[in-house]
Amino acid sequence: MEQRHLGRTGLRVSRIGLGTLTWGHTEETDAADLLKAFWEAGGTLVDTADVYGDGESEYLLGRLIERLVPRRDLVIATKAGSVPDPERRFDGSRGHLLSALDASLARLGTDYVDLWQVHAFDPRTPLDETLQALDIAVSSGRARYAGVSNFCGWQLAKAATWQLAVPGARTRIASTQMEYSLLQRGIEREVLPAAVDLGVGLLPSSPLGRGVLTGKYRHATPADSRGGSDHMAPFVAPYLDDAAGRIVDALATAADGLAATPLQVALAWVRDRPGVTAPIVGARNAQQLTAALSVETLSLPDEICRALDDVSAPVHRYPDHDWSTL
């Protein structure tokens, strides 16, 4: 699998990442099959978080490291900052973040993570305090690189600029993880331009539109799908409207013309967008993962990209366009 630099850093990662969001509900044998298939295909980037499965995803990944795949062959990324508290969903305080990192390392059974990310912006904590936790994590060797997740455009620009203001003393923001797909292009308004300008690599989550872009929901909801489960149905539901249906129909037409699958075309589209380093794919089994990894040999023709761009284009007006044209 092709390797790409993560933003403007020396860290190289596979251009498709393996997501573990659902590993808290996954059997160890299934997770082992996923990790082995990913590694054998040349994949290196494995993404998790301290809240995935209440820590079970990290714990399961830790049990598989070394026993199944050498630690040195993986780029492990995890996150901290989300908390199970309805009164305060995010905690970006220095104390919480560093404690959470130590707990993640214990569950993962490793001395360091390759990429440590703040899971979300915390409006109750001064941003410089949150960012200081990243500096401490890297300077102490507990993290090799640092990033953020779910920061809007101004939050990302402020964080990345603050870190660049004192070269050598502060840790560069290497990445931002955001939802991005043909069904969710909102980050193109401000987040993606900021990331490209500041040299921050984009790691798209849900690049298959929470599974909808595979085409499996075109005519009905399969009983064995995420949309058919009580646990994940609310996660899928926002992308089952008429607008999404038109995009999926266009995607299916493009796939037919390329002798490919909708999954392959949707993943190739987001993988090769400007500023993207590696989409994070969450598969339920090795068969689904193998289907996603088969996109490695596919490059979309320019005319197909333009057609998909047009059918999925979000409405961006002022101030993205000159006010005099509105």
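Visitor: How much space lies in the second largest pocket?
Guide: The model is a predicted one, and the value here is computed from its atoms. Rolling a probe the size of a water molecule over the atoms shows where empty space is left. For the second largest pocket, the space comes to about 430 Å³.

Visitor: Which residues that line the second largest pocket are the closest to its centre?
Guide: The lining of this pocket has six nonpolar, five polar and four charged residues by class. Of the 15 residues that line the second largest pocket, those closest to its centre are Val51, Ser82, Val83, Arg89 and Phe90.

Visitor: Why do the buried residues of H11 line one face of the helix, and within what arc do they fall?
Guide: In helix H11 (residues 302-312), the buried residues are Ile304, Leu308, Asp309 and Ser312. An α-helix has 3.6 residues a turn, so residues three or four places apart point the same way. Seen down the axis of H11, its buried residues line one face because they fall within an arc of 135 degrees.

Visitor: Which helices are included in what covers the buried residues of H11?
Guide: On the other side of H11, Asp302, Glu303 and Asp310 are exposed. The buried residues, by contrast, have a cover that includes helix H8 (242-258) and helix H9 (262-271).

Definitions and conventions
Residues are numbered from 1 along each chain as its sequence is written. This is a predicted model: local features need pLDDT of at least 70, side-chain atom pairs count only at pLDDT 80 or more; totals for chains, interfaces and linings use all residues. Side-chain values use heavy atoms; hydrogens and water are left out. On a 1 Å grid over the protein atoms alone, a cavity is a set of points where a 1.4 Å probe fits but cannot get out, and a pocket is an open set with protein on both sides within 12 Å along at least five of seven lines; lining residues have an atom within 4 Å of a point. Grid points are joined across faces, edges and corners, and a volume is the space filled by probe spheres set on the points. Ala, Val, Leu, Ile, Met, Phe, Trp, Tyr, Cys and Pro count as nonpolar, Asp, Glu, Lys and Arg as charged, and the others, Gly among them, as polar. Buried means under 20% relative accessible area, exposed over 50%, partly exposed in between (1.4 Å probe, protein chains only). Helices (H or I, at least four residues) and strands (E, at least two) are DSSP runs, numbered from the N terminus. The arc is that of the directions from the helix axis to the C-beta atoms. Contact means heavy atoms within 4.5 Å.
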